[in-house]
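Trainee: I would like to go through this model with you, one feature at a time. Where shall we begin?

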Amino acid sequence: PLVREQLLERLAALESKHWHAEPTFRSDAEGETAPITQPQDLSAEVGTRRDCTPEEVEAAIGQALLIQPGWNRLGGEKRALLLEAAADLFEEHTDEFLSLCRREAGKTLLDAVLELREAVDFLRYYAAEARRLFSAPLMLPGPTGEENRLSLAGRGVFATISPWNFPLAIFIGPAAAALAAGNTVVAKPAEQTPLIAALAVKLCHEAGIPEAVFQLLPGAGDVGQMITSDPRIAGVAFTGSTETAQAINRSLASREGPIATFIAETGGQNAMIVDSSALPEQVTRDVVSSAFQSAGQRCSALRMLYLQDDVADEMLAMIRGAFEVLEIGDPAELTTDVGPVIDPDAKAALDRHVARRKKNGRTVWQRKLPKGTGAGCFVAPTIIELDSILDLKRENFGPVLHVARFKADQLERVVDDINATGYGLTLGLHSRIDAVRELVEAKARVGNFYVNRNQIGAVVESQPFGGDGLSGTGPKAGGPHYVARFASERVVSIDTTAAGGNASLLAS
Ligand code: UN1
């Protein structure tokens, strides 16, 4: 408790700090400036964002291109040391990051701590990957008298476009992977959360990563559009909505010149299946955290719960019991379970979704918002009964859980329906029957399958994260194949039977 109180005191001291995000190389030109306000109180300004102008985007990519060969030549070991130095500085600046996670992104203290942890894990893991993949070429087998070496190098300038729901971890993760691989990076953070990104980039520079190597390009969608349509960009790593990923893909495809690499981690229509052998207390805990932690604003979050009909009423009663006591409110309070959603647009879309289901006569359980939440973007946690996951047309990115019932002999059809959404990110299963797990595991097309636990909070390295189909391109963030995707491969084949170099040259 003492540590907690000291932490709260330190955070209180940062409460009125005004932050600013601007392009790493700012010209004298006038760019648009936008205020950044708190999701829990739209009248409270946290800082300002000065957007990149078209000329600054142009110049930023030019600088990144110029310095890239040098950064690439530095090699895996030196790049790893710089990323590790950045990780150390991130940990030293815990208070600022926790404060910004709450004030800029509306995160609870628990979520903020987890976010910083994940960011540091990404930096350290990708540093280790830089050492593993970029220190020495891989010798490939070949016929006698021939040497074949496979080596990896940076592709050039990578653009990273990142989301507001993990404004630190998923801002720094893809950027660190691109940097580890020997690319330079132009990074566009979500327009809602540029301030935490600006602090992250500043600390990377303090750690010794040159400014031209890792640049911040704040702005809205138009800045992203300018970056992804530039033929000098060798690759894009994007996390966000499926629709935006499709738009970036089109933009990359219509450019003249080199073909870009595209790595996308997008949305999900994530389900959990609970059969009659599941343990009710465990199910309750895992459903509530998967659906409502982070106010449901994780792409891994549970959207559609399938309960086997013979236990559905009992399970639902327990889940509703836990749902009724969730604390909703200001993330500044340590007891808060569910904070705000990110902005008024997000709130309006979620409220519309719930209103439509009520109008259609669906059973809806909805919490009442407590007093004092009127100034922020709060959405009342909601549970809605549906017939099937196919009743959902789009991802509902917030604290709204849908529930359907199934009969034991319909298990395969349930998995077919989940696959038919076209998404494939997370799937949860609660069952103590091995044959059920084997069936679902074999049939479900998802990137992350969670059994008898919650389905959020993938841990870097142990649980690489990402999906296919409408959910993204893979490879998985935090896994052993990720960093290599940011690199180009080169094979050098030498005939070693020929007589020594200069002698044979003179002889010819
Ligand atoms: C996302 O919401 O964009 O598994 C990804 C999790 C997180 C990743 C979520 N590590 O919940």
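**A helix and its surroundings**

Trainee: How far apart are the end C-alpha atoms of helix α6?
Mentor: Helix α6 covers residues 169-180, which is 12 residues. The expected span is 1.5 Å times one less than the number of residues. That rule gives 16 Å, and the model agrees: the end C-alpha atoms are 16 Å apart.

Trainee: What are the ground rules for this model?
Mentor: This is a predicted model, where local features need pLDDT of at least 70, side-chain atom pairs count only at pLDDT 80 or more, and totals for chains, interfaces and linings use all residues. Residues are numbered from 1 along each chain as its sequence is written.

Trainee: How many residues of α6 are buried?
Mentor: A residue is buried if 20 or more other C-beta atoms lie within 10 Å of its own, exposed if 12 or fewer, and partly exposed in between; C-beta atoms are placed from the backbone. The buried residues of α6 include I170, F171, P174 and L179. The helix is largely enclosed by the rest of the structure, because the buried count is 12 of the 12.

Trainee: Which residue just after α6 takes a positive phi?
Mentor: Look just past the end of the helix. The phi there is about 95°, and the residue is G182.

**The whole chain**

Trainee: How many helices and strands are in the protein chain?
Mentor: Both are DSSP runs, numbered from the N terminus: helices are H or I with at least four residues, strands are E with at least two. On that basis the chain has 15 helices and 18 strands.

Trainee: What is the radius of gyration of the protein chain?
Mentor: The value is taken over C-alpha atoms, and the globule rule is 2.2 Å times the number of residues to the power 0.38. The C-alpha trace spans about 90 × 55 × 50 Å along its principal axes. For 508 residues a compact globule would be near 23 Å, which agrees with the chain's 25 Å.

Trainee: What share of contacts between residues at least 6 apart in sequence joins residues at least 24 apart?
Mentor: Two residues are in contact if their C-beta atoms, placed from the backbone, lie within 7 Å. Apply that to pairs at least 6 apart in the chain, and the share is 76%.

Trainee: Is S294 buried or exposed?
Mentor: S294 has a positive phi of about 60° although it is not a glycine. S294 sits in the loop between α10 and β12. With 26 other C-beta atoms within 10 Å, S294 is buried.

Trainee: What is the class of E461, buried or partly exposed?
Mentor: E461 is not a glycine, yet has a positive phi of about 80°. E461 lies in the loop between β17 and β18. With 15 other C-beta atoms within 10 Å, E461 is partly exposed.

Trainee: Which residues does the cis peptide bond join?
Mentor: P475 is in the loop between β17 and β18. Omega is about -5°, and the bond joins G474 and P475.

Trainee: What separates the C-alpha atoms of L305 and I273?
Mentor: L305 is in strand β12. L305 counts as buried, with 28 C-beta neighbours inside 10 Å. I273 is 32 residues away along the chain, but the C-alpha separation is 6.2 Å.
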